[in-house]
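Try each task before you read its solution.

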Amino acid sequence: MTDSTIEALNKKLDRLIEAVTRLAPPRVPQTDLGGADCFVWQADPGYLEPVRKVNRVDIGLIRGVDRVRDILVDNTERFAAGYAANNVLLWGARGMGKSSLVKAAHAAVNGSAKLDLPLKLIEIHREDIDTLPKLMGLLKTAPFRFILFCDDLSFDHDDTSYKSLKAALEGGVEGRPANVIFYATSNRRHLLPREMIDNERSTAINPSEAVEEKVSLSDRFGLWLGFHKCSQDEYLDMIDGYISHHGLAIDPETLRAEALEWATTRGSRSGRVAWQFTQDLAGRLGKSLKD
């Protein structure tokens with residue numbers, strides 16, 4: 001075999017190796033669980049992406065939900081300390097601070113300086129719920145304790161991934177790892193649309209069994225924390241908290257009048273509306289808001 005023939009074969013082999021390499025799946029990045037306190041689960045290829053700067057507010061700024069705030073913090077503290085705790089479903093009115101409260105409670109518990117190891121918060125996207133078993137498999141041998149958090153969790157009539165969530169929370173042979181707890185927020189108390197429940201009741205041979213199979217998902221959450229529309233006084237209290245925290249100077253009567261007008265134009269009062277008003281006010285005053 002001549003040198004030119006060998007060289008031609010080597011070139012073909014190099015091209016073949018390059019083509020096979022491109023077809024191979026990318027290497028899954030390694031997660032350093034000690035490198036951050038918050039992560040986002042990337043189901044494909046299957047790793048935890050650290051979040052260096054978490055989008056959250058101080059727990060003292062979340063007003064009008066004092067009772068559910070205290071219950072959630074207490075449950076989180078017990079879990080972080082290694083004691084028994086419940087999965088939590090935060091449900092109810094939009095914009096009342098459900099997801100903000102989860103992130104704020106996590107920060108408050110970690111900031112208490114009572115833990116040997118920090119509590120970790122992992123966000124899992126709604127569309128990745130069926131990969132929960134894979135995620136739990138990665139976490140069960142870790143030395144840390146984890147809150148798995150899904151924001152705006154709900155299921156449509158043709159969605160069967162809720163069965164994966166039921167099994168991951170308390171079902172299956174292994175069950176939920178002792179170092180993992182699940183927090184979710186939803187506008188729906190039973191996570192399923194009312195028309196879906198009504199349809200099951202009207203079309204099933206045994207309506208009660210069909211409905212119970214669907215709504216039993218929410219029974220996997222030991223704590224149901226309800227969030228309801230706030231009163232005018234609670235709305236104004238939320239704004240007062242933001243104004244004080246960010247050091248915005250404005251006449252109290254002017255503030256009250258503008259805040260109420262803002263809520264009227266939006267057609268609702270909530271923590272989100274209060275925060276949006278604060279952002280607008282800060283912009284009009286030529287001020288920036290604290291991180």
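**Exercise 1. Find which helices and strands each supply at least two residues of the lining of the largest pocket, then work out where that pocket lies.**

Step 1: Keep in mind that you're looking at a predicted model. Start with the strands: β1 (38-42), β4 (120-123) and β6 (180-186) each give at least two lining residues.

Step 2: Bring in the domains. Domain 1 (38-227) and domain 2 (232-285) both contribute to the lining, so the largest pocket sits between them.

**Exercise 2. Describe the largest pocket by its volume, its central residues and the classes of its lining.**

Step 1: The volume comes to about 1100 Å³.

Step 2: There are 38 lining residues, and those closest to the pocket's centre are Asn55, Arg56, Val57, Ser100 and Lys103.

Step 3: Sort the lining by class and you get 14 nonpolar, 11 polar and 13 charged residues.

**Exercise 3. Is asparagine 87 buried or exposed, and what is it in contact with?**

Step 1: Locate asparagine 87 in the loop between α2 (66-80) and β3 (88-92).

Step 2: Check its relative accessibility, which is 1%. Buried means under 20%, so asparagine 87 counts as buried.

Step 3: Skip the neighbours within four places in sequence, and look at what asparagine 87 touches: Leu169, Glu170, Arg176, Ile181, Phe182, Arg220, Phe221, Gly222 and Leu223.

**Exercise 4. Look at the backbone at proline 45 and aspartate 152: what do you find there?**

Step 1: Go to the loop between β1 and β2 (47-50), where you'll find proline 45. The peptide bond joining aspartate 44 to proline 45 is cis, with omega about 20°.

Step 2: Move on to aspartate 152, in the loop between β5 (146-150) and α5 (162-169). Its phi is positive, about 60°, although aspartate 152 isn't a glycine.

Step 3: Finish with accessibility: at a relative accessible area of 46%, aspartate 152 is partly exposed.

Methods. Residues numbered from 1 in each chain as written. Predicted model: local features only at pLDDT ≥ 70, side-chain atom pairs only at ≥ 80, totals over all residues. Heavy atoms only, no water. Helix = DSSP H or I, 4+ residues; strand = E, 2+ residues; numbered from the N terminus. Buried < 20%, exposed > 50% of the residue type's maximum accessible area, 1.4 Å probe, protein only. Contact = heavy atoms within 4.5 Å. 1 Å grid on protein atoms, 1.4 Å probe; cavity = no way out; pocket = protein on both sides within 12 Å on 5 of 7 lines; lining within 4 Å. Points joined across faces, edges and corners; volume = space filled by probe spheres on them. Nonpolar A, V, L, I, M, F, W, Y, C, P; charged D, E, K, R; others polar. Domains from an automatic or database assignment.
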